[in-house]
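New page in the notebook.

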Amino acid sequence: MSADSLDRTTWKARESAHQARADALTAAHRERSARGEKHPVWDFLFTYYSYAPAQLRRWHPGAGIQLDDAPERAGWRWYTAGSTPDAVVPDAATFAREKTALADLIERMLRRTAARPGQFGCFGLHEWAMVYREKEHRHPAPLRLGQAGTDAVVEANDLRCTHFDAFRFFTRDAAPRNRQPLTRADQPALEQPGCLHAGMDLYKWSMKLGPLLPGELLLDAFELARDIRLLDMEAAPYDLSDWDVVPVPIETAEGKSAYARRQREFAERGNALRRRMLAAWLGDGQETGSQSSHGAQTAPAAASSNRSVMTRSAAS
């Protein structure tokens, strides 16, 4: 067995631990789904990020880590034959050849976002801008301050959204109030670690990288998205008291301070995840395992043969 390989007993144990952790993370959602029950906070993690719980529980070892005695994975996408019979290895080179544009985009998003200073003056007003001067809203919950009060908060504050996938839901009247217009093409140049949605999107990038990241890291990204999503809705203009959501009143100085403090904490967690993703996928340093108390230690970083095919993007 090579230094970068896992024997079947070891990798099956990690797979089982991953599945148990994933099942615990999705249990409440699966129970609600079975009852046909909607949730304005947590459904987002499975609808906007349209990955089923079954996808979240699929464990992979990470790029360049050989699984010994794993014939059942021989046909899995982005796995290649290993150095011994029935061994397989997640292959970053194959991913780069088949998904060149996606690989380049993810690398640029991770590197450039981590390299920029975080911005902490948006105060979650993107959700307020999505209902500004509109009679129809995406959520059925009432507005805490009513329509006029909500509109007044938007008008009294500076809209500083930097995330296109939030900005594209701004109302027609709200979009011109943003400090700058945003486009999809500009996203790699504008994304910054203070943005809550950029932190949640690490779950999306982790899913897209699939077997090139350790499963433990994927679940850490999901947990970060879950924690950020709660703040996103606590700071939103909706009255979610029926779902036991206590608001962070960003229309007040105290609320703004509380929001920015938690935003900074999420920025730090997000940048730590970005570094770990690059380490596991492309071998930037060494991926040393999940920082979550639930996660197992991961194997060494991807082999250099897998890394060499990737075109590196300098941080802007």
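Entry one. I started with Arg-14, which makes a salt bridge to Glu-216, with the closest N and O atoms 3.0 Å apart. I then checked where the partners sit: Arg-14 is in helix H1 (residues 8-35) and Glu-216 in helix H11 (residues 215-234), so this pair ties together parts that are 202 residues apart in sequence. A reminder to myself: this is a predicted model.

Entry two. Are Arg-14 and Glu-216 buried or exposed? I looked, and Arg-14 is buried, as is Glu-216.

How many salt bridges does a search of the whole structure find? I got 23. Some of the charged residues are linked in a network: I noted Arg-21, Asp-220, Glu-223 and Arg-276 joined by salt bridges.

Entry four. I picked two more pairs to look at. Arg-160 and Asp-158 meet through their side chains in a salt bridge, 3.2 Å from N to O. Arg-160 has 35% relative accessibility, so I put it down as partly exposed. Asp-158 is partly exposed too, at a relative accessible area of 29%.

Arg-168 is partly exposed because its relative accessibility is 43%, while Asp-165 is buried because its relative accessible area is 5%; the cut-off for buried is under 20%.

Two packed helices are described by the angle between their axes and the distance between the axes. For H1 and H11, I found that the axes come within 10 Å and cross at roughly 15°. Angles under 35 degrees count as roughly parallel, so H1 and H11 are roughly parallel to each other. I also noted the hand: H1 passes H11 in a left-handed crossing.

Which residues of H1 meet H11? On the H1 side I listed Arg-14, His-18, Arg-21, Ala-22 and Leu-25. Across from them, H11 brings Gly-215, Glu-216, Leu-219, Asp-220, Phe-222, Glu-223 and Arg-226. Sorting the residues of this contact, I get four nonpolar, two polar and six charged. The salt-bridged Arg-14 and Glu-216 are both on the contact list. Arg-21, Asp-220 and Glu-223 from the network are on that list as well.

Definitions and conventions. Residues are numbered from 1 along each chain as its sequence is written. This is a predicted model: local features need pLDDT of at least 70, side-chain atom pairs count only at pLDDT 80 or more; totals for chains, interfaces and linings use all residues. Side-chain values use heavy atoms; hydrogens and water are left out. A salt bridge is a side-chain nitrogen of Lys or Arg within 4 Å of a carboxyl oxygen of Asp or Glu. Helices (H or I, at least four residues) and strands (E, at least two) are DSSP runs, numbered from the N terminus. Buried means under 20% relative accessible area, exposed over 50%, partly exposed in between (1.4 Å probe, protein chains only). Axes are lines fitted to C-alpha atoms, for helices over the stretch in contact, and angles run from 0 to 180 degrees between N-to-C directions. Angles under 35 degrees count as roughly parallel, over 145 as roughly antiparallel, 65 to 115 as roughly perpendicular and the rest as oblique. A crossing is left-handed if the near helix is turned anticlockwise from the far one by less than a right angle, and right-handed if clockwise. Contact means heavy atoms within 4.5 Å. Ala, Val, Leu, Ile, Met, Phe, Trp, Tyr, Cys and Pro count as nonpolar, Asp, Glu, Lys and Arg as charged, and the others, Gly among them, as polar.
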